[in-house]
Amino acid sequence: MKSLFRIGQVAVAECAGAVRSRRVLVILALYLLMAVFCMMWTITILGKMEAELSKVLQLPETEETGIVSATLWKSAPFQSMVKSGLKNDLVYNDIEGRHPVELIYAWFAFMCAPLLAMLVAGNRVADDLKSGAVRYALVRVTRLEWTLGKYCGQVMLVAFALAVSALGAWVVAVFRLSGIGMFELLPTMFDWGFRAGMYALAWLGLALGVSHVTRSGSRASALCLLAIALCAGWPGILKLLSRWLDCQWLDHFDAIVPSSAALSLWRRSFAPLFTGGAHLLTLGLTYLMLGHLVFSRRDA
Amino acid sequence: MIGVAIVTRDLVKRYGRRRALDGCSLVVPRGTMMGLVGANGAGKTTWMMAVAGFLRLSSGSIDLLGRGPFRAEVHSGRFAILPQDSALPLEARPGDILYRYARMQGLSPEAARRTANEMLAAVNLADRANNSIRSLSHGMRMRVRFAQCFIGSPEVVLLDEPLNGLDPIEADRIRRFLRARRGRQTIVISSHNLHDIETLCTHVAFVEKGRVTRTSTLEAITRASSRVTYTLAAEPSDMAALSAAVPGATFAWTAETHDLVCTFEAADGDVAAINRKLLPALLAQTDVLAVSSGLSLEQAYLGS
């Protein structure tokens with residue numbers, strides 16, 4: 001219990017410190033702006049596309065963006081196009097018929113979660129190691145408590161950023177789309193924000209894990225971006241390796257990058273959401289503990 | 001070990017081929033204020049960092065408060081350190097950061113707030129509690145760093161250059177603060193300012209090349225109870241009269257400084273007794289400009 005309490009104290013200090021740090025505030029503000037502009041831009045594009053489609057299909061014109069998209073969901077060619085893009089029928093079944101605005105926000109949140117996690121958390125530990133600030137904490141809490149506290153603090157921060165971005169995106173949707181049931185959309189936006197937050201658990205673990213192995217904040221940030229690139233290319237690398245070495249079992253190593261569990265978070269039912277979340281949390285904690293392992297064996 | 005706060009034995013810390021600590025052994029009795037004296041790179045800071053558990057030692061053993069080497073789960077709240085060149089989080093506020101540290105030590109919210117406020121008042125920063133550390137001057141930041149050491153009155157406090165960068169008024173405030181803690185807490189101070197060590201500490205350890213070369217009470221090191229220096233207007237003309245006043249003592253005259261050094265045995269009496277016997281004989285021959293007992297710490301260190 002004492003340990004949990006101390007982890008909580010470090011987390012609160014971390015969260016407060018990060019919020020007060022100008023860099024993190026700027027990143028959070030940028031993220032919110034990106035979410036807002038992404039929504040505005042895609043709603044505009046969607047509106048234009050629908051107007052064009054209405055013209056081509058000679059449908060009656062509508063000002064309600066999303067109406068034609070809703071019709072499109074019912075078209076078999078469109079369905080097969082989305083299915084082939086997703087390569088996952090279960091996910092397709094779960095998102096079929098959902099409002100495009102909701103899906104656009106979900107896409108944005110999932111797309112940007114790794115970058116948000118890396119930019120917000122990437123240098124936090126390395127900066128503390130470099131400045132020596134870590135020492136003031138380490139005479140009060142254990143190294144493990146400090147690491148976990150940092151992680152929890154960053155999770156709180158990213159959760160806040162996602163909640164605010166969901167709210168921002170919803171506000172944009174409300175202003176730009178007159179025809180949608182705005183209060184019905186709000187909880188679904190938060191739901192997607194929550195799912196993106198679960199996805200960010202792994203990336204935060206990776207960011208903080210990387211940050212534990214160097215004393216330079218900028219080097220840690222650079223390593224984080226490199227890690228994102230590596231994770232993005234990981235399935236391709238595995239495919240190449242398994243082909244060259246003729247080892248099909250190598251494909252299973254796909255599970256060590258967060259993107260492998262991302263689609264589970266797009267499912268509606270609880271079971272895949274839970275297993276996906278557990279997978280991502282395990283990945284995040286594993287990355288974090290690998291970084292901690294290095295940190296625990298070196299001078300502070 | 002009852003009565004001992006810190007025991008370090010044969011500490012070795014290697015950085016590549018260089019040995020920052022090379023068999024460093026030191027015992028710090030409880031309730032003492034010990035000064036670490038040594039040249040740059042002698043190993044004072046490394047010793048403190050090792051005791052605080054920040055360093056992975058190559059070999060050696062540490063016993064802190066009889067509970068083995070530092071472990072936060074055991075020593076949190078009982079031990080504190082002012083590390084050299086370690087900045088507090090720049091975005092934090094002094095009031096908040098001290099409160100947060102107090103909470104990490106397990107203090108209740110009320111006690112944490114109270115001790116944070118008390119410590120800020122003690123270092124004369126109560127009015128800057130809500131400013132960010134970034135906005136504080138170097139000396140003010142040092143005072144906040146100093147203040148965090150005394151949250152919850154830990155039993156052992158290590159201070160690495162605690163008066164660095166402080167103006168004379170604030171340095172004096174900190175000295176008085178430390179003097180008030182003599183005997184109540186075990187405090188180890190590393191400083192290049194030997195005068196500070198001399199005025200604050202009860203014990204001294206000389207550290208050279210990663211080892212403790214000498215450790216004892218300040219009185220023993222400066223020979224405060226066996227040596228008196230008289231600064232005179234002129235050389236005494238009759239040394240025999242002085243020897244007759246204190247038969248067991250030896251006298252040495254230094255013409256450059258006009259100092260007459262009297263070295264005596266404990267059997268001859270204490271400094272006051274020697275003065276009572278010797279001053280009349282001296283005043284009969286010349287004027288006495290100043291009297292001081294023992295060596296200065298600097299003299300003792302340079303002569304060691």
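Colleague: What covers the buried residues of H10(B)?

Modeller: The cover includes strand E10 (227-232), helix H9 (239-245), strand E12 (259-263) and strand E13 (288-293), which belong to chain B. Helices (H or I, at least four residues) and strands (E, at least two) are DSSP runs, numbered from the N terminus. This is a predicted model: local features need pLDDT of at least 70, side-chain atom pairs count only at pLDDT 80 or more, and totals for chains, interfaces and linings use all residues. Residues are numbered from 1 along each chain as its sequence is written, while chains are lettered from A and ligands numbered from 1 in the order in which they are written.

Colleague: Which residues of H10(B) are called buried?

Modeller: Ile274(B), Leu278(B) and Leu282(B). Buried means 20 or more other C-beta atoms within 10 Å of a residue's own; 12 or fewer is exposed, in between is partly exposed, and C-beta atoms are placed from the backbone. An α-helix has 3.6 residues a turn, so residues three or four places apart point the same way.

Colleague: How do you know what span to expect of helix H10 of chain B?

Modeller: The expected span is 1.5 Å times one less than the number of residues. Helix H10 (residues 271-283) of chain B has 13 residues, with 18 Å expected. Its first and last C-alpha lie 17 Å apart, close to that value.

Colleague: Where does H10(B) bend?

Modeller: At Lys277(B), by about 30°. A bend is the angle between axes fitted to the seven residues ending at a residue and the seven starting there. Pro280(B) follows within four residues.

Colleague: What makes H5(B) largely enclosed?

Modeller: The count does: 9 of the 12 residues of H5(B) are buried, so the rest of the structure largely encloses this helix. Among them are Met140(B), Arg143(B), Phe146(B) and Cys149(B). Their cover includes an element of the other chain, helix H8 (133-138) of chain A. From chain B, helix H4 (109-122) and strand E6 (156-160) are part of the cover.

Colleague: Why is E11(B) said to lie largely in the open?

Modeller: Strand E11 (residues 250-254) of chain B has 5 residues, and the number buried is 0, so the strand lies largely in the open.

Colleague: In what sense do E11(B) and E12(B) pair?

Modeller: Antiparallel, over 5 bridges. Pairing needs at least two bridges found by DSSP, so these strands qualify. Phe251(B) has Cys262(B) as its bridge partner. The two strands form a hairpin with 4 residues between them, where His258(B) has a positive phi of about 60°.

Colleague: How many bridges join strand E1 to strand E2 of chain B?

Modeller: 9, between residues 4-15 and residues 18-29, which run antiparallel. Leu11(B) has Cys24(B) as its partner in E2(B). This hairpin has 2 residues between the strands, and Gly16(B) takes a positive phi near 65°.

Colleague: How many residues of chain B are in contact with chain A?

Modeller: 26, in contact with 24 residues of chain A. Contact means C-beta atoms, placed from the backbone, within 7 Å. On the chain B side, H3(B) gives the largest share, 5 residues. That side divides into 14 nonpolar, 5 polar and 7 charged residues. Ala, Val, Leu, Ile, Met, Phe, Trp, Tyr, Cys and Pro count as nonpolar, Asp, Glu, Lys and Arg as charged, and the others, Gly among them, as polar.

Colleague: Which residues touch the most other members of the largest nonpolar core?

Modeller: Tyr105(A), Ala117(A) and Leu204(A), in a core of 155 residues. A core is a set of buried Ala, Val, Leu, Ile, Met, Phe, Trp, Tyr and Cys residues joined through C-beta atoms within 7 Å. Beyond four places in sequence, Tyr105(A) is in contact with Met39(A), Ala166(A), Ala169(A), Met189(A) and Trp192(A). Another core, of 10 residues, lies apart, and Ile274(B) and Leu278(B) are among its members.

Colleague: How many residues of helix H7 of chain A are buried?

Modeller: 6 of its 8, and the helix is mostly covered. They include Arg124(A), Asp127(A) and Leu129(A). Gly132(A) follows H7(A), with a positive phi near 90°.

Conventions. Two residues are in contact if their C-beta atoms, placed from the backbone, lie within 7 Å.
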